[in-house]
Amino acid sequence: MATHPPAATSTAPPPASDPLSVRPFFENKARAFWTLQAAGWSGYLVLRSVVGISNGFSLEKIIPVIIEAILGYCITLLLSTLYGYYRRIPRVMAVFLTLATLAAATFLYAALNAFSFSFITTTQPGVTVTLLIGNLFITFVVLAGWSALYFAINYYLIVESQIDELRALELQASTAQLAMLRYQLNPHFLFNTLNSISTLVLLKQTERANAMLSRLSAFLRYTLANEPTAHVTVAQEVETLKLYLEIEKMRFEDRLRPSFEIDPRAERARLPSLLLQPLVENAIKYAVTPQEEGAEIRVDVRLVGQRVRIAVSDTGPGLHEIRHSSSVSTGVGLSNIRERLAQAYGPNHRFETRSAPAGGFSIEIEIPFQLENVNREAA
């Protein structure tokens, strides 16, 4: 007893496999239908045979049961075809036709059972009112149960198909949003760098302008080589960050003093690409730029249990001065990082900002320690 295979199947990717999930069984709906149909009626035949021969074995008890199971198997095949058609018509009409079909199939099944029973057990075969009424109840229960199971399984498959489609749409929306967040970084960074190159050209410092252009091209080559939603290792992210800082060093020289402390155990951990660059850019804007003596920028990455803790700190004026600064923020930096972390890890991350009373500002991020090469942001 099973479902009728629908005409089309969903193309949405299935979710992660679950040991208790029945989804793999229904991936081939035609095979699932015939398997359940054969198993259901075989079980019905065994059950009815056991009940029939409980008071003694005889062919007069077994043969009607075998015929009854064969008839039920054939009638439900016809029902599956009709029900499959009814599912494609308006609901009110489909309900009416389903009930009418079930009533007609019940009457037909009862009449055929009564006739087969009388043919074997009496000398004058025929369908009597007594035999027909006696068979109507059991045939109705069997066919109604089969019909209920048919619609229940098909409803389950429709719901699962809709869930798959919804997940696919959510994935597309998430991927598009992440790509947008990543693509915001390049124009934001390019504006400052190209402005510096333009200044160097106006000052006729062509060698420094050429060096900055070379480093800028290397940095952009890296960003274009990676997908906007890709994850990279901490080691790769730090190397990219150093390349970015070399460009900024051309602008600020000794005013920009970066330092790195990277836990070797955390170097293979994965994180969203270009996650740290906006944090360092934020520190340059609010710590290095406004101070004549510049500032130190420290990047610290540690492995704490099964978590990766990343801290970016500076020796600038701190949060209080930043809030009263006349400079206007583009709103891309910290909000961008929060959005990307939320997309990549959901609630399984931590993002905190701190400002010391004596000055200095720090941002701390904590994410799961992951080694596998998986695109988690697009998952």
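In what order do the 5 strands of the open sheet stand?

## Basis of the model

This is a predicted model, in which local features need pLDDT of at least 70 and side-chain atom pairs count only at pLDDT 80 or more, while totals for chains, interfaces and linings use all residues. Residues are numbered from 1 along each chain as its sequence is written, and side-chain values use heavy atoms, with hydrogens and water left out.

## The sheet

The order is β2-β4-β5-β7-β6, with mixed pairing. Strands (E, at least two residues) and helices (H or I, at least four) are DSSP runs numbered from the N terminus; two strands pair if DSSP finds at least two bridges between them. Because β2 (256-262) and β6 each have a single partner strand, they stand at the edges, and one side of each lacks a neighbour in the sheet. On average, neighbouring strands are turned by 10° against each other, direction ignored.

Strand β6 (residues 350-355) pairs with strand β7 (residues 361-368) in the antiparallel sense over 6 bridges. R350 stands opposite E366 of β7, and R354 has S362 as its bridge partner in β7. The hairpin has 5 residues between its strands, and G359 takes a positive phi near 115°.

## Helices across the sheet

Contact means heavy atoms within 4.5 Å. Angles run from 0 to 180 degrees between N-to-C directions, with axes as lines fitted to C-alpha atoms, for helices over the stretch in contact. Helix α6 (residues 234-252) lies across β2 and β4 (295-304), at about 170° to β2. Helix α7 (residues 277-288) lies across β2, β4, β5 (307-314) and β7, at about 150° to β4.
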